[in-house]
Amino acid sequence: MITNSFDDDRCKSISENLKLIREKISESAIKSGRNYEDIKLMAVTKTVPVEYINYSIDNCGIDLIGENKVQEFLSKKDTLHLDGVEKHLIGHLQTNKVKKIVPLVDMIQSVDSVHLAEEISKQALNNSIVSDILLEVNIGSEESKTGFDKEAFLESLSKISELPNLNVKGIMTIPPICDTEKELKEYFTTMSQYFNDIKEKQYKNFNMEILSMGMSGDYETAIECGANLVRIGSLIYGARIYK
Ligand SMILES: *Cc1c(COP(=O)(O)O)cnc(C)c1O
């Protein structure tokens, strides 16, 4: 029987996984005319036990984590070694949880409606802070996914730019599962075009710096298409076990 839940082998593989991922990030960055330093690596920590997250922070240089659920983040945060670590919410956020999460995270990447942006703006104002957000785009127009519909997205930008205490730092997406690399690249490239177009338009309260796309299975392609923040979970920590 295994009584010790902390597994040295798992730590070793986290270190090795990260070493390999960073090499690949570097290669993909160079392919797209950039450097490793231009790409931010987020460790996606949903379902990962706190001790392994802390291991990756303390020993592997992880300085940006992403959690999907408000409740899970709240239950972990007091035991996480969060000094100098940026925390982003990356999962769908219900408006009734905005109040709780706004003062606790450095960025909400999953803003998928004007209504949600309004609520975050309101709570940021209440807390006398400016909330950094990304706008999530449902690039494949999938019913099963959250994110702005493409049409609604472009129409919503000027409205969002009028909201106080918000700093729109960029956009994020999860593309559909694609049969071909070509199809995947089309989605990522469209996002990259949105990113550049919006940046050019210089909306008030927009400071377009982050193009968040790419996960365990597609981060290299995403970087080649312009991503500068990749969100990687299972490739770092191993397959997720949902309870
Ligand atoms: C879970 C998740 C990831 C990471 O997924 P992996 O395939 O495990 O790398 C990235 N982004 C979001 C929004 C997620 O929910």
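**View 1. The buried residues of helix α2.** In α2, the buried residues are V50, Y52, I53, N54, Y55, S56, I57 and C60. Keep in mind as you explore that this is a predicted model. The helix spans residues 50–60 and is mostly covered, with 8 of its 11 residues buried.

**View 2. The neighbours of helix α2.** Which elements do the buried residues of α2 pack against? Look for the helices α1 (8–31), α3 (70–77) and α9 (234–237), along with β2 (64–67). Now follow the chain past the end of the helix: α2 is followed by G61, and the phi of G61 is positive, near 75°.

**View 3. The residues around the ligand.** V44, K46, N68, I90, I174 and M215 surround the ligand, together with S216, R231, I232, G233, S234 and R240. The space that the ligand takes up is the second largest pocket.

**View 4. Polar side chains at the ligand.** Zoom in on N68, where a polar side-chain atom lies 2.6 Å from an oxygen atom of the ligand. R240 also places a polar side-chain atom by a ligand oxygen atom, at 2.7 Å.

How values were computed. Residues numbered from 1 in each chain as written. Predicted model: local features only at pLDDT ≥ 70, side-chain atom pairs only at ≥ 80, totals over all residues. Heavy atoms only, no water. Buried < 20%, exposed > 50% of the residue type's maximum accessible area, 1.4 Å probe, protein only. Helix = DSSP H or I, 4+ residues; strand = E, 2+ residues; numbered from the N terminus. Contact = heavy atoms within 4.5 Å. Near = heavy atom within 4 Å. Polar contact = N/O pair within 3.5 Å; in protein donor to acceptor, adjacent residues only side chain to side chain. 1 Å grid on protein atoms, 1.4 Å probe; cavity = no way out; pocket = protein on both sides within 12 Å on 5 of 7 lines; lining within 4 Å. Sits in = over half its atoms within 2 Å of the grid points.
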